[in-house]
Amino acid sequence: MSDENLFELKAVAKRFKKGKETISIFDDLNMTIKRGDFLAIMGPSGSGKTTLLNLLGGVDQPTGGEISFDGARIDGLSEGELAKWRANNIGFIFQFYNLMPMLNAAKNVELPLLLTSLSSKQRQQRVDTALQLVGLADRAKHMPSEMSGGQLQRVAIARAVVSDPKLLLCDEPTGDLDRQTADEILEMLQLLNREFGKTIIMVTHDPAAARYASHTLHLDKGQFVDKEDDDVLQEKSA
Ligand SMILES: Nc1ncnc2c1ncn2[C@@H]1O[C@H](COP(=O)(O)OP(=O)(O)OP(=O)(O)O)[C@@H](O)[C@H]1O
């Protein structure tokens, strides 16, 4: 595997069993994702975008094929190994923020650090830095119910970067926001990509959001398809 590739997917298959029926989402998916990339993934509803993000994030396992991250296979890791791998390498950002409603902003951001061996003081420093980065240092004690959608997403971004992961996986990160707030969030993601070297993979329905990425891949029925004007890096399956 080339050093510049963060992810390599070879002949990945994903099938779900529903009663006697087997639903095949991916049959033979091949792709590479370069280190430092900001990749948007678009495609119609049901095309497999979230399923792909779950496979990349080690939330779900492929039925067949290989997924390598940073040169090491992650398919076939046990649940415990995968949880550890996720905690060390991935920050997740969701459409509806997924914050804990009974914890203030700082406590939400601290959550991923509770799985580490950092001391309380070290955790506090990391949380302060992450909240500063997203411009919410003055809202540390605010509860989620006291914040706007844009602020909630910024807290979620602080939580995603607080453990300094290589990769950010974003599922419709601006789907719940107005255009101006969406643009602010996308500019923040771009900054994390360009200035902090985070590799970002973002699923979106919004072509305006995809324009913030370095390039876009289009999924359709479990396959990458060519669209004009795209800087396409996929290795299409036969
Ligand atoms: N756990 C599951 N069991 C059975 N089928 C599933 C499961 N998860 C996803 N699917 C099916 O896989 C297909 C792809 O789903 P996925 O959520 O990845 O699509 P998507 O492109 O993200 O769609 P959307 O844009 O609507 O979120 C859908 O047909 C869905 O019903």
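Where is the place of Asp164? In this predicted model, Asp164 sits in the loop between helix 5 and strand 7 (167-171). This briefing takes up the packing of helix 5 (residues 149-161) against helix 6 (residues 179-194), and then turns to Asp164 and Asn98, whose phi values are positive although Asp164 is not a glycine and Asn98 is not a glycine either.

**Packing of helix 5 and helix 6**

- The axes of helix 5 and helix 6 lie 9 Å apart, and the two helices pack at an angle of about 15°.
- Because angles under 35 degrees count as roughly parallel, helix 5 is described as roughly parallel to helix 6.
- The crossing that helix 5 makes with helix 6 is right-handed.
- On the side of helix 5, the contact is made by Gly149, Gly150, Gln153, Ile157 and Val161, while helix 6 contributes Thr181, Glu184, Ile185, Met188 and Leu192.
- Sorted by class, the residues in this contact of helix 5 with helix 6 are five nonpolar, four polar and one charged.

**Residues with positive phi**

- Asp164, in the loop that runs between helix 5 and strand 7, has a phi of about 55°.
- Asp164 counts as partly exposed because it has 13 C-beta neighbours inside 10 Å, where a residue would be exposed at 12 or fewer and buried at 20 or more.
- Asn98, which has a phi of about 50°, is placed in the loop between strand 6 (90-94) and helix 3 (105-110).
- Asn98 has 13 C-beta neighbours inside 10 Å, and therefore counts as partly exposed.

Conventions: Residues are numbered from 1 along each chain as its sequence is written. This is a predicted model: local features need pLDDT of at least 70, side-chain atom pairs count only at pLDDT 80 or more; totals for chains, interfaces and linings use all residues. Axes are lines fitted to C-alpha atoms, for helices over the stretch in contact, and angles run from 0 to 180 degrees between N-to-C directions. Helices (H or I, at least four residues) and strands (E, at least two) are DSSP runs, numbered from the N terminus. Angles under 35 degrees count as roughly parallel, over 145 as roughly antiparallel, 65 to 115 as roughly perpendicular and the rest as oblique. A crossing is left-handed if the near helix is turned anticlockwise from the far one by less than a right angle, and right-handed if clockwise. Two residues are in contact if their C-beta atoms, placed from the backbone, lie within 7 Å. Ala, Val, Leu, Ile, Met, Phe, Trp, Tyr, Cys and Pro count as nonpolar, Asp, Glu, Lys and Arg as charged, and the others, Gly among them, as polar.
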